[in-house]
Amino acid sequence: MHDKNVAWLSTLLGKYLCDKLVKGKTDSSVDFKKEKSVWTPVAVVKKGDTDLVDPHGFSVRAEKLFKLITNKFCITDLALLQSLSNFLPLEDRGGSGGVFYITKDSKFIIKNLNEKHDELSKMDQVLGKYVQYVLNNGENSMMNRFHLNFKIKLYAKLKEDNKNVIKLKELQFVVLNNTFYGVEPEQLLKFDIKGTFSPGSAESLSKLLPLKDRGGSSGVFYITKDSKYIIKSLNDNHGEPEEMDQVLDKYVEYVLNNSEKSMMNRFHLNFKMTLYAKLRENKMNVIKLKKLQFVVLNNTFYGIEPEKLLKFDIKGTFSPGSAVQYEKNQTLYSKNKAKSPEKSTYREYDFMGIARGERDIAAFFKNGIELDVTEYSKLTEALLNDAQYLFENELNDYSLLLGVHFLDKAPKKNDNNCIHATCRNCKRLPDAVYNKSDEQQHLCLYMAIVDIVTPSTKEIQAYFVRRMKGSRSIEFANIETMADFNAFQLETITPIPAPPYVGRFLGTVLGCIFRPALSPAQANNKQILMNGLSQGICHSFGEERNTFVEKHDAFPQADG
């Protein structure tokens, strides 16, 4: 493939530059706005009686504009001809993607413009401004130089019907001066610096391990060996890759403006690559190569041994069946029998317990977790900020990933990189004994809002409605869209529309999971009443379905 491409590039560029030399000087007047869009086709090259390329296969753009640049830097057409008539494929491309060639004398590099990165349309927009900038600031600029812009049909590796094929494709190239011309590449220590300062990321990301404990999240997960970062795949079924395209700029702007008042997890890198993955084909699991998109996240639990943490994934979804503990014997949820209690990630009903009918799950925290009033206010402010962002961008299925470390004694001020809290009537393992109601247990909390790129689109909602109709067919028999959901279903289903999702999430986290710790001096009747109401409301979630339906049917239904 490269041999044919190199031959065509050498022949066509050589002929173009020879023709320029024969023509001599051209009109020096330049209309920048008009000239940037002028494409000049090169005459057909023949080999015997056979056309080597399509008559319109090779065209050069904005000759007059690029001539101004070559003149400014004293590069003659003859010098270009001598260099651009012999090419080699360039393997070391730094951090750039695309097709690269280098001239045999190493003076120039030929790089194709990337369609996926929208470089073609961007070149249309900025070419005139770029030339003017270089002419005015050439000696005082560190930017690389464009000397030529052309398009040509070359052989390229394409994807068709899930197969790689080699076909002719029109590509657009720029000719650049080689930054490292004049020195042997092996003598250089090279860096590609973008200003992406993720502390220790280069060293951390060079050693990865599979991550098996993924909480409530789906996808492919890896963790760096030093535990600083987690690499997570974006979920195609949930529309996450497309949503990342839409919200990335808003996310970055939000984090820059609210970094100190946000609980959302941080993205440090977004990339895609082809890896082996388990796929479903013809009702069978198969291992195949698949292109996946990943994000690099900071590890919420970095700095503490995972086994020391009691972990929860909190969405505000009150479905008794989602609890990890299983009924009276407190064994683990049937799908996760191999897990030990220390390695499990628990859910809402594990946190606050349930005792209805045959279901009897003892709570880890009977009365929630108490935060200092100041800390509770800070958490409330951060969650309200994040909720506004998530609501405005119509995102859902996010959750609060919470790690609780039980301390043997009260921590000293600024001790540990965590949020300090307390609890009463709480325990650290399913079969542990509760501490006394008047005994304060000290805690260290690690938490972040995770899974923050799942969109709340009608297509995604329809996908989950189909899933519910398959798994709970009787209950969802007459439901076509989420607008048909009753209150119980909105309470127990994860991917509901963004407005009710954010209200349910905030109510659960700020009312059921966390409470302000009020001393007798701080408490007043209103605050005591609010805490009591929170307790009652939290324990009323997720009633038995039969009971709910009976109550629902007892009320007269308004027409329309």
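Which residues does glutamate 115 touch, not counting residues up to four places away in sequence? Glutamate 115 touches Leu120 and Lys169, where contact means heavy atoms within 4.5 Å. This is a predicted model, in which local features need pLDDT of at least 70 and side-chain atom pairs count only at pLDDT 80 or more, while totals for chains, interfaces and linings use all residues. Residues are numbered from 1 along each chain as its sequence is written, and side-chain values use heavy atoms, with hydrogens and water left out.

- Glutamate 115 sits in the loop between strand E7 (108-112) and helix H5 (119-137); helices (H or I, at least four residues) and strands (E, at least two) are DSSP runs, numbered from the N terminus.
- With 47% relative accessibility, glutamate 115 counts as partly exposed, given that buried means under 20% relative accessible area, exposed over 50%, and partly exposed in between (1.4 Å probe, protein chains only).
- Although 56 residues separate glutamate 115 from leucine 171 in sequence, the two are 9.1 Å apart in space, C-alpha to C-alpha.

**Disulfides and other cysteines**

- The count comes to two disulfides, a disulfide being a pair of cysteine sulfur atoms within 2.5 Å.
- Cysteine 418 and cysteine 444 form a disulfide with their sulfur atoms 1.6 Å apart, and this link is left-handed, with -90° about the S-S bond.
- Cysteine 423 and cysteine 426 form a disulfide with their sulfur atoms 2.0 Å apart, and their link is right-handed, with 70° about the S-S bond.
- Cysteine 418 and cysteine 444 are both buried, as are cysteine 423 and cysteine 426.
- Cysteine 18 is partly exposed at 38% relative accessibility, whereas cysteine 74 is exposed at 68%.

**Salt bridges**

- The structure holds 11 salt bridges, each defined as a side-chain nitrogen of Lys or Arg within 4 Å of a carboxyl oxygen of Asp or Glu.
- In one of them, aspartate 124 pairs with arginine 61, the closest N and O atoms being 2.3 Å apart; this pair links distant parts of the chain, with aspartate 124 in helix H5 and arginine 61 in strand E4 (residues 58-61), 63 residues apart.
- Aspartate 124 is partly exposed at 36% relative accessibility, while arginine 61 is buried at 2%.
- Lysine 261 and glutamate 381 meet through their side chains in a salt bridge (3.3 Å, N to O); lysine 261 lies in the loop between helix H7 (240-258) and strand E13 (267-281) and glutamate 381 in helix H9 (residues 373-392), so the pair ties together parts that are 120 residues apart in sequence.
- Arginine 424 forms a salt bridge with glutamate 370, with 3.9 Å between the closest N and O atoms, and the pair links arginine 424, in the loop between E23 and E24, to glutamate 370 in strand E21 (residues 369-372), 54 residues apart.
- Salt bridges that share partners join Lys232, Glu240 and Asp451 into one network.

**Arginine 347**

- Arginine 347, in the loop between strand E18 (345-346) and helix H8 (348-352), is buried, with a relative accessible area of 14%.
- A polar atom of the arginine 347 side chain lies 2.9 Å from the backbone oxygen of aspartate 313.

Note on methods. A polar contact is a pair of N or O atoms within 3.5 Å; within protein, one must be able to donate a hydrogen and the other to accept it, and residues adjacent in sequence count only if both atoms are side-chain atoms.
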